[in-house]
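Please view the sequence and the model together while reading.

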Amino acid sequence: MDSIHFDETQVLIIDEKLNHDEVLKKMADQLQVKGYVKDSYYPAIIEREKNYPTGLFTEAINVAIPHCDIANVNQGSICVGVLKQPTQFARMDEPDVMIDVQLVVMLALTLPHGHIEMLQKVVALIQNQDVVKSIVHSSNQKEIYETIKKYLL
Amino acid sequence: MKKVLVACGNGIATSTVVASKIKERCEKEGIAIHVTQCKVLEVASKAADFDLVVTSGKFKDDSVSTPIVGAIALLTGINEEATFEKILGYLR
């Protein structure tokens, strides 16, 4: 498995109320600035969310895992967004239903059927609501980064 | 050997997680299966060749006669066991 780029600057704590597209733009920009994704990444993410939304309803803190085709990615990477004011995403399993999301894990994948370990770890993280809670309640970028790193890398 | 088609938006990300969880569970249960991944858009044209279709997102197409199970639970962990049982029920 090739490595996934992830450092502290890829944890965004967003205090202001942003809408769905604004959150995704901010996160995609962070990956683009580092050269991990192409110009086409953000529009592809928006298009994907329209057709196949990625909000996961967990009965506690809801999470979204936006991602898009590997053609838009230069290097495997992730960006984590902690939304202090929840933003609405459509549910993956019920696209007509909107849910309040507080944690966004944006995935930039490069290998078809690849990065599976990382993806499985993202899913394991989402399923561990105690950890998700500790992440969304923290305002310390380094602390959030260390927590997520422990789970994902 | 039963054949399972696992689909998600682009046939890469969430379907990989779902597929590997199904494979792992079937291995544990001693059920031999063959898993193929595809895009949701391809399900209607491919489903006839499979015993079961599993999708991470919503999928409904009345032209598909193969049983379809929604597997969001394998991503969220909510009612995961019930979903596994449903899937295994078609594969045993």
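The sections below treat chain A and then chain B.

## Basis of the report

The structure is a predicted model.

## The sheet of chain A

In chain A, five strands make up an open sheet with mixed pairing, and their order is β1-β4-β5-β3-β2. Strands β1 (11–14) and β2 (55–56) of chain A stand at the edges; each has a single partner strand, so one side of each lacks a neighbour in the sheet.

Strands β4 (residues 77–90) and β5 (residues 98–108) of chain A are paired in the antiparallel sense, over 10 bridges. Within this pairing, A:Ile78 has A:Leu107 of β5(A) as its bridge partner. Helix α5 (residues 141–152) of chain A packs on the sheet, where it touches β1 and β4 of chain A. The direction of α5 makes about 135° with that of β1(A).

## Helix α1 of chain A

Helix α1 of chain A comprises 14 residues (residues 20–33).

Which residues of α1(A) are buried? They are A:His20, A:Val23, A:Leu24, A:Met27, A:Ala28, A:Gln30 and A:Leu31. Seen down the helix axis, the buried residues of α1(A) fall within an arc of 150°, so they line one face of the helix. An α-helix has 3.6 residues a turn, so residues three or four places apart point the same way. The buried residues of α1(A) pack against β1, α2 (41–51), β4 and β5 of chain A.

## The annotated domain of chain B

An unreviewed UniProt entry carries the annotation "domain: PTS EIIB type-2" for residues 2–92 of chain B. This span is 40% helix and 23% strand, and its end C-alpha atoms lie 9 Å apart.

## Strands of chain B

Strand β3 (residues 52–55) of chain B is covered on both faces: B:Leu52 and B:Val54 are buried on one side, and B:Val53 and B:Thr55 on the other. Strand β1 (residues 2–8) of chain B runs parallel to β3(B) and is joined to it by four bridges; here B:Leu52 is the bridge partner of B:Val4. Three bridges join β3(B) to strand β4 (residues 68–70) of chain B, again in parallel, with B:Thr55 opposite B:Gly70.

B:Thr36 belongs to strand β2 (residues 33–39) of chain B. With 24% relative accessibility, B:Thr36 counts as partly exposed. Beyond its neighbours within four places in sequence, B:Thr36 is in contact with B:Val4, B:Leu5, B:Val6 and B:Phe50.

Definitions and conventions: Residues numbered from 1 in each chain as written. Chains lettered and ligands numbered in written order. Predicted model: local features only at pLDDT ≥ 70, side-chain atom pairs only at ≥ 80, totals over all residues. Heavy atoms only, no water. Pairing = 2+ DSSP bridges. Helix = DSSP H or I, 4+ residues; strand = E, 2+ residues; numbered from the N terminus. Contact = heavy atoms within 4.5 Å. Axes fitted to C-alpha atoms, helices over the stretch in contact; angles between N-to-C directions. UniProt positions renumbered as here; feature names shortened; annotations may be inferred. Expected span 1.5 Å × (residues − 1). Buried < 20%, exposed > 50% of the residue type's maximum accessible area, 1.4 Å probe, protein only. Arc of directions from axis to C-beta.
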